[in-house]
Amino acid sequence: MRQTSFLPLLAFVLLLSACGDSSLPTVSGKGNIRAVNGISSAPSVSFLIEERSIGAVDYRQITPLGTTSSYDDLNYTFNFEVRFLGEAENRRIASQNLDVVKDMDYILLLTGTLDNPSVLTWETTTRSFDASATVFETRFAHTSDSLGNADYYFAAPGVAPVLGEAVGTLSFGDVLTSVDYTAGDFVLTITASGDPGNILFQSDTMTYTAAVQYLITSFDGDANTFAPIVARAFTTGAGGTALTLADINYPSTTEFVNGSIALNTVDVYDDEMLTSQIVDDLAYTDVSAELNLAPGVNTFYVTPSDSLSPLLVEDTVNFFAGIRGRSVAYGAADAQILSNYVPDRRPVDTQAKLQLFNAAVSLSAVDLYIVTPGTAVEDSFTALNDLGRGAVSPVIALIEGNFELYITEAGTTDINILAGPIALDVAYGDVLGGVIFDSADPAVFTVGFLPNNP
């Protein structure tokens with residue numbers, strides 16, 4: 001009888017068992033990971049776990065809290081990427097290796113510049129509140145390059161900052177340990193370090209909800225607001241919201257554009273009795289200075305400059321606190337409208353921007369073409385179709401270089417050029433904002449680029 005030895009087979013089985021036990025990591029739970037874009041000149045930044053996308057995030061924004069933010073407690077490399085317009089691939093600008101621990105909440109802050117970025121990691125334990133909880137938890141952080149060392153005060157409305165009562169003094173990148181507060185109304189005040197009378201930022205009253213974890217941090221303002229500092233409150237509850245805390249010492253503004261050829265030269269008043277004139281002799285296609293708005297709804301009245309009657313426009317303006325808006329009067333002689341919008345003035349390092357408001361009313365809509373010099377419009381694709389009267393275009397991204405802009409009639413088989421060629425010589429970071437106007441000839445339009453865009 002043939003004898004068979006089982007020793008080699010047993011050794012092989014034991015070897016496989018040992019390799020399996022040592023090579024497979026043990027997973028005991030999940031942690032939350034989100035990213036914040038803290039680079040003011042950055043476009044929307046892609047956030048990835050290893051090579052898989054988690055989401056994209058604009059300046060001062062945070063990626064959502066949900067299924068795409070919860071990961072096993074293992075080691076990962078998280079990556080940040082941006083796309084320069086005209087390039088085929090994203091550029092990887094920063095990476096962060098992280099050992100995720102279960103029941104922890106991580107926020108990865110991308111800061112610095114696109115040429116020299118860095119990543120800060122903020123972490124805290126994910127908290128489960130009792131159903132009867134009356135408190136919320138908050139941490140305070142400092143992510144404003146221009147702020148310097150600063151004291152943070154957090155108190156009920158009407159309570160002035162007093163030396164020694166700050167919740168902490170922070171430098172750039174600092175984050176304080178968590179503190180519990182009874183749910184209710186609070187004001188965040190930031191002052192120069194050791195000088196409570198030197199207020200650098202003061203939020204409006206905000207209601208904070210029980211059983212929520214907040215992280216409140218400061219950011220530099222940008223070209224879309226006059227305020228040098230804007231604060232945000234990120235939460236780990238209610239889907240991971242992001243709340244804006246505007247500086248009450250920097251109100252919203254608007255600038256008036258006379259976009260109606262039927263109006264001729266006009267004045268603007270902010271009272272129904274037409275005794276408080278705020279804009280004088282605004283000619284057709286002109287833009288006023290930027291004017292502060294009172295909180296809430298503002299009503300304005302537009303009249304001919306040579307007479308208080310007839311009243312041409314009566315309309316309201318209401319922008320979120322701290323926003324730089326724009327108000328364009330346009331329309332036929334018997335149907336004037338004051339249209340309000342918020343132009344995108346923030347420059348980014350990866351593209352140029354073009355945004356136009358269509359105040360021309362002799363046609364219902366126009367198309368926009370952007371071509372290289374010498375290229376026929378007929379041989380090109382539209383940059384934007386059907387921009388209706390009274391509408392503002394989305395931001396049109398441009399690579400750096402020399403181009404020509406054409407405005408054509410929408411909805412026609414043949415190309416009917418209304419304006420152009422208009423030279424556009426742009427570099428990355430440029431922002432072009434303007435208005436499409438009628439002319440005395442209804443078949444000819446003009447484009448005015450507003451001088452107070454950055």
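**Note on the predicted structure**

1. Alanine 233 is buried, its relative accessible area being 0%. This residue belongs to strand S17, which covers residues 229-235. The model discussed here is a predicted one. Beyond four places in sequence, alanine 233 touches Met206, Tyr214, Leu215, Ile216, Thr241, Ala242, Leu243 and Leu245. Between the C-alpha atoms of alanine 233 and serine 327 there are 30 Å, and the two residues stand 94 residues apart along the chain.

2. The largest nonpolar core consists of 25 residues, and Ile33, Phe47, Phe78, Phe80 and Leu110 have the most contacts inside it. Two or more residues of this core come from each of strand S1 (30-37), strand S2 (45-49), strand S3 (52-57), S5, strand S6 (91-99) and strand S7 (104-112). Isoleucine 33, leaving aside neighbours within four places in sequence, is in contact with Phe47, Ser69, Tyr71, Phe78, Leu98, Val100, Tyr106 and Leu108. A second core, separate and made of 23 residues, includes Leu398, Ala419, Leu424 and Phe445. As a general matter, nonpolar side chains in soluble globular proteins tend to be buried together.

3. Aromatic pairs number 24 in the whole structure. In one of them, phenylalanine 136 and tyrosine 208, the ring centres are 5.3 Å apart and the planes lie at 20°, so the pair is stacked. Phenylalanine 136 is in strand S9 (residues 135-142) and tyrosine 208 in strand S15 (residues 206-208), so this pair ties together parts 72 residues apart in sequence. Both partners are buried: phenylalanine 136 has a relative accessible area of 0%, and tyrosine 208 has 2% relative accessibility.

4. An edge-to-face pair is formed by phenylalanine 154 and tyrosine 181, with 5.0 Å from centre to centre and 70° between the planes. This pair links distant parts of the chain, 27 residues apart, with phenylalanine 154 in strand S10 (residues 150-155) and tyrosine 181 in strand S12 (residues 179-182). Phenylalanine 154 is buried at a relative accessible area of 8%, and tyrosine 181 is buried at 14%. Ring pairs join Phe136, Phe140, Tyr152, Phe154, Tyr181, Phe186, Tyr208 and Tyr214 into a cluster.

5. The structure contains 12 salt bridges. Glutamate 255 forms one with arginine 326, the closest N and O atoms lying 2.6 Å apart. Since glutamate 255 is in strand S19 (residues 253-258) and arginine 326 in strand S25 (residues 324-330), the pair ties together parts 71 residues apart in sequence. Glutamate 255 is buried at 0% relative accessibility, and arginine 326 is buried with a relative accessible area of 1%. Glutamate 255 also forms a salt bridge with arginine 345, at 2.9 Å between the closest N and O atoms. Arginine 345, in the loop between strand S26 (337-341) and strand S27 (352-358), is 90 residues from glutamate 255, and this arginine is buried as well.

6. Glutamate 290 and arginine 324 meet in a further salt bridge, 2.7 Å from N to O. Glutamate 290 is partly exposed at 22% relative accessibility, whereas arginine 324 is buried, with a relative accessible area of 9%. Elsewhere, salt bridges link Glu51, Glu81 and Arg92 in a network.

7. Aspartate 73 is situated in the loop between strand S4 (70-72) and strand S5 (75-82).

Definitions and conventions: Residues are numbered from 1 along each chain as its sequence is written. This is a predicted model: local features need pLDDT of at least 70, side-chain atom pairs count only at pLDDT 80 or more; totals for chains, interfaces and linings use all residues. Side-chain values use heavy atoms; hydrogens and water are left out. Helices (H or I, at least four residues) and strands (E, at least two) are DSSP runs, numbered from the N terminus. Buried means under 20% relative accessible area, exposed over 50%, partly exposed in between (1.4 Å probe, protein chains only). Contact means heavy atoms within 4.5 Å. A nonpolar core is a set of buried Ala, Val, Leu, Ile, Met, Phe, Trp, Tyr and Cys residues joined through side-chain atoms within 4.5 Å. Rings of Phe, Tyr and Trp (its six-membered ring) pair if their centres lie within 6.5 Å; planes under 30 degrees apart count as stacked, over 60 as edge-to-face and the rest as tilted. A salt bridge is a side-chain nitrogen of Lys or Arg within 4 Å of a carboxyl oxygen of Asp or Glu.
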